[in-house]
There are 2 protein chains.
Amino acid sequence: MAVQMKGAEVSASMKEALQAEHAALRAKGIDPKLAIVRIGARGDDLAYERGALKRFGGLGFTVEVYEFPEDIEQRRLECEFKDINDNPSVHGILLFRPLPKHLDGEALRQAIDPRKDVDGMSPLSAAKVFAGEDDGFPPCTPGAVMEMLEHYKVELKGKNVTIVGRSMVVGRPLAMLMLAKHATVTICHTRTVDMPAVCRRADVLVAAAGKAGMIRADCVTDKSIVVDVGINVDAEGKLCGDVDFGAVEPVVSMISPVPGGVGAVTTSVLAKNVLKAARLQLQ
Amino acid sequence: MAVQMKGAEVSASMKEALQAEHAALRAKGIDPKLAIVRIGARGDDLAYERGALKRFGGLGFTVEVYEFPEDIEQRRLECEFKDINDNPSVHGILLFRPLPKHLDGEALRQAIDPRKDVDGMSPLSAAKVFAGEDDGFPPCTPGAVMEMLEHYKVELKGKNVTIVGRSMVVGRPLAMLMLAKHATVTICHTRTVDMPAVCRRADVLVAAAGKAGMIRADCVTDKSIVVDVGINVDAEGKLCGDVDFGAVEPVVSMISPVPGGVGAVTTSVLAKNVLKAARLQLQ
């Protein structure tokens, strides 16, 4: 039976260090603050917001939610965003995307202060992650994958890591974080030929394709360590990952479940990034 | 015996399309111009400059060399660079790096107009390449690898491509260009365990590690297509690649030599990028 890598355990283990660092910043007169910028009230955004408020509340960190009407005009949104961006009491900004269709998110993505870009949405954050510079912000999800593997003491140096998915929110930045840990990295996607064979060669397999149950038992071995980043809804309306858990779990060495896996770590990474942002802004 | 992929053939085949595009821009009153910015007179820089001048001369394209003394002050260099950057008659800028030690190249890297960044040195260029957006500029060397494979009709979609080397000038951007062509991409480096086995699984193997002769016969099969990006000097003072050509060439299906391979394509890619830059600046 596989070891289950549980997000709640990872978050719990991060809590002490986060609170110590928070106290150190408070002692310097800094109150690290996250601004959540939400336009309208999409269910996904509200669910993530609730999770973030709960996590930050549990840590004792400050969050402010800036909610704007769904029909806000571009010009007004840009002005409001600029105020938040320029506000010295705000250390990190999380903007929910995609924006409503009449709005241009690109302008905000370009405008965000790179030192406040705690979910790594800006081109400058992407450039730093791409280059392996550690003063940038990768998006929180790949950050959560790395925290999970670190917590469960999964050695990455010299290991074969296969990432299924090449998005800018998970696959690509995660590949760069894995390179920074000296893993040999393979990136697979929909056009990969004989995906099961490529996946079976991995010491660590990360599923981030956004397709329910696509990683089946033929993609793994008894040595495989499987991290499931997928968040899908199955035919019965239940939350599920990209991994066919029932078939894969009995085979592999370690696995993260969905729900209760990587998704339960992202808001802790968000909190960690707000502290990092506050430190960067101290300099 | 392997098919040899020759840089001169690739450049020759690019010439007609480059000249047609150049003529189309001239017809609109544009004279696409490259500015080469060189500080001091390093041998490497001068050699590349000679190659670029020769290529651009052969194509009938305009180049201007801005040479500054090796002891130029940072502030003066930044002013001069700004003038070049702001000059509407300059469409592309190639800055030789690294700069002399007393200078801060980072400031110039940040300052360059992304639409003129024809060797892809700026963070914004890197971000576009990372994201797979095609209005950015990858560095010329990975661009040359792609031109070579295209010229020799090497299919990349669904193929296993292994890149040895993870630098920001070759390995990382090349991995993104390969993903854009829907290859399954593996990135290896000094910490990779059992490199020969990883390399043997590749349909296309790109050596960009900067270590003479590191790719030996045990890294390839009779199906391998090998592109050698290395430029090293061997014990006898002769130019050589990262591939042990004498041992590998008899085994593989296709191979690019050094010299006479990728290096002979980079200035053609530079010329292509200047035309792309001129078009972007038209908009």
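Mentor: Strand β2 (residues 33-39) of chain B runs parallel to β4(B), and 4 bridges join the two. Within that pairing, B:V37 has B:L95 in β4(B) as its bridge partner. Bear in mind that this is a predicted model. The two strands belong to an open sheet of 3 strands in chain B, ordered β3-β2-β4, with parallel pairing. β3 (62-68) and β4 (92-95) of chain B are at the edges with a single partner strand each, so one side of each has no neighbour in the sheet. On average, neighbouring strands of this sheet are turned by 20 degrees against each other, direction ignored.

Further along chain B, look at strand β7 (residues 204-207), which is covered on both faces. B:V204 and B:V206 are buried on one side, and B:L205 and B:A207 are buried on the other. Strand β5 (residues 160-164) of chain B runs parallel to β7(B) and is joined to it by 4 bridges; there, B:I163 has B:V206 as its bridge partner. β7(B) is also joined by 4 bridges to strand β8 (residues 225-228) of chain B, again in parallel, and B:L205 stands opposite B:V226 in β8(B).

Two of these residues come up again in the largest nonpolar core. That core has 171 residues, and those touching the most other members are A:V145, A:I163, A:V206, B:V145, B:I163 and B:V206. In soluble globular proteins, nonpolar side chains tend to be buried together. For a look at one of them in chain A, take A:V145: apart from neighbours within four places in sequence, A:V145 is in contact with A:L174, A:V206, A:V227, A:V229 and A:V262.

Now for the meeting of the chains. Here 22 residues of chain B are in contact with 22 residues of chain A. On the chain B side, α5 (123-131), α7 (171-180) and β6 (184-188) each supply at least two residues, and α5(B) gives the most, with 6 residues. By type, the chain B side divides into 13 nonpolar, 5 polar and 4 charged residues. Strand pairing also crosses between the chains: strand β6 (residues 184-188) of chain A pairs with β6(B) in the antiparallel sense over 3 bridges, and A:I187 stands opposite B:V185 in β6(B).

How values were computed. Residues are numbered from 1 along each chain as its sequence is written. Chains are lettered from A and ligands numbered from 1 in the order in which they are written. This is a predicted model: local features need pLDDT of at least 70, side-chain atom pairs count only at pLDDT 80 or more; totals for chains, interfaces and linings use all residues. Two residues are in contact if their C-beta atoms, placed from the backbone, lie within 7 Å. Ala, Val, Leu, Ile, Met, Phe, Trp, Tyr, Cys and Pro count as nonpolar, Asp, Glu, Lys and Arg as charged, and the others, Gly among them, as polar. Two strands pair if DSSP finds at least two bridges between them. A nonpolar core is a set of buried Ala, Val, Leu, Ile, Met, Phe, Trp, Tyr and Cys residues joined through C-beta atoms within 7 Å. A residue is buried if 20 or more other C-beta atoms lie within 10 Å of its own, exposed if 12 or fewer, and partly exposed in between; C-beta atoms are placed from the backbone. Axes are lines fitted to C-alpha atoms, for helices over the stretch in contact, and angles run from 0 to 180 degrees between N-to-C directions.
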